[in-house]
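Dear colleague,

I am handing over the structure below, together with notes on what was found in it. Please read the notes with the coordinates open beside them.

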Amino acid sequence: MIRPRIKICGLTCIEDALAAVEVGADAIGLVFYEPSSRSVSPDEAREMIQALPPFVTTVGLFVNPEATEVEACLNQVPLDLLQFHGNESNSFCEQFQRPWIKAVRMKDDVRLDQLNDLWPGARGFLLDAYRPGVPGGTGDTFDWTRIPHQRDYPLILAGGLTPDNVGAAVSQTNPFAVDVSGGVESSPGRKSTVTMRAFIKAVYKASRCNDWSGYGSDS
Ligand SMILES: O=C(O)c1ccccc1N[C@@H]1O[C@H](COP(=O)(O)O)[C@@H](O)[C@H]1O
């Protein structure tokens with residue numbers, strides 16, 4: 001099994017972003033959705049990205065934004081990828097000339113065989129738990145047996161992942177990537193380096209990838 005890429009989302013300060021990269025995150029997510037405790041301003045996001053080493057994918061998360069908000073953000077922040085976590089259409093997501101992924105909340109009636117028809121421009125689909133009235137970042141899991149083994153899109157598995165359950169999640173679903181936010185937090189908006197390291201180690205272990213050597217000790 002190829003090791004899934006690992007995105008740590010909802011970073012709010014340079015210190016946590018650097019720690020995420022140091023323990024092995026491939027991508028970091030920045031939340032541009034103000035009601036969230038993980039929300040950052042474009043200025044804060046730019047400062048965080050400027051502090052990163054190369055080869056770290058920077059992802060901007062939006063929930064039903066105005067196009068002007070995304071454009072203003074892109075003018076200030078060098079984002080590699082956009083993550084749309086609301087009810088955005090394919091044509092809305094396509095207009096920014098930037099690669100994007102679509103988050104899909106796993107409500108009972110979601111048809112995973114129709115994702116590419118609904119959002120043909122998406123580079124991948126992030127599956128998250130569904131909780132009425134909350135767009136994401138809930139810390140809830142969903143039933144992974146709903147995910148088919150045969151897929152025609154890169155699957156990014158999210159929703160309530162933690163160091164304790166991500167190994168089983170990876171083994172069961174063989175995702176292209178995993179995405180975590182609340183499961184590696186020490187307090188609202190802040191990440192625990194120890195927990196991020198444990199999360200990444202669990203992903204490596206589940207993919208039988210023995211070369212994990214993230215910096216520092218486990219304690
Ligand atoms: O993190 C948030 O605050 C958030 C707000 C609105 C939409 C999505 C949000 N986060 C994303 O939700 C999933 C799952 O998060 P969790 O691991 O269950 O806490 C993940 O993709 C976050 O990036």
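**Helix α6 and its surroundings**

In helix α6, which covers residues 166-173, the buried residues are Val 166, Ala 169, Val 170 and Thr 173. Viewed down the axis of α6, these buried residues fall within an arc of 95°, and therefore they line one face of the helix. The buried residues of α6 pack against β7 (155-157), β8 and α7 (193-206). The helix is followed by Asn 174, whose phi is positive and near 45°. Please keep in mind, here and throughout, that this is a predicted model.

Around β6 the pairing can be followed strand by strand. Strand β5 (residues 100-105) runs parallel to β6 and is joined to it by 4 bridges, and Ala 103 stands opposite Leu 126 of β6. On the β7 side, β6 and β7 pair in the parallel sense over 3 bridges, with Leu 127 standing opposite Leu 157 in β7. Leu 157 also has a bridge partner in β8, namely Val 178, and β7 and β8 pair in the parallel sense over 2 bridges.

Which residues of β6 point one way, and which the other? Phe 125 and Leu 127 point one way from the strand, whereas Leu 126 and Asp 128 point the other way, and all of them are buried.

**The shell around the ligand**

There are 26 residues around the ligand, and those that come nearest are Cys 9, Ser 36, Gly 136, Gly 137 and Gly 182. By class, this shell consists of 10 nonpolar, 13 polar and 3 charged residues. Strands β2 (27-31), β6 (125-128) and β8 (177-180) each supply at least two residues of the shell.

**The loop between β6 and β7**

Two residues of this loop deserve a separate note. Tyr 130 has its place in the loop between β6 and β7, and it counts as partly exposed because it has 18 C-beta neighbours inside 10 Å. Leaving out residues up to four places away in sequence, Tyr 130 touches Arg 105, Met 106, Lys 107 and Phe 142. The C-alpha atoms of Tyr 130 and Gly 60, which are 70 residues apart along the chain, are separated by 21 Å.

Pro 154 lies in the loop between β6 and β7, and with 16 C-beta neighbours inside 10 Å it counts as partly exposed. Its contacts, leaving aside neighbours within four places in sequence, are with Arg 123, Gly 124 and Phe 176. Of these, Arg 123 is 31 residues apart from Pro 154 in sequence and 7.2 Å apart in space, C-alpha to C-alpha.

**Positive phi in two other loops**

Phe 55, which is found in the loop between α2 (42-50) and β3 (57-62), has a positive phi near 70°, and it counts as exposed because 7 other C-beta atoms lie within 10 Å. Gln 97, in the loop between α4 (90-94) and β5, has a positive phi near 55°, and it counts as exposed because 6 other C-beta atoms lie within 10 Å.

**Helix α1**

In helix α1 (residues 14-23), the buried residues are Asp 16, Ala 17, Ala 19, Ala 20, Val 21 and Val 23. These buried residues pack against β1 (5-9), β2, α2, β10 (190-191) and α7. Just after α1, Gly 24 takes a positive phi of about 120°.

Conventions:
Residues numbered from 1 in each chain as written. Predicted model: local features only at pLDDT ≥ 70, side-chain atom pairs only at ≥ 80, totals over all residues. Near = placed C-beta within 6 Å. Nonpolar A, V, L, I, M, F, W, Y, C, P; charged D, E, K, R; others polar. Buried ≥ 20, exposed ≤ 12 C-beta atoms within 10 Å, placed from the backbone. Arc of directions from axis to C-beta. Contact = placed C-beta atoms within 7 Å. Pairing = 2+ DSSP bridges.
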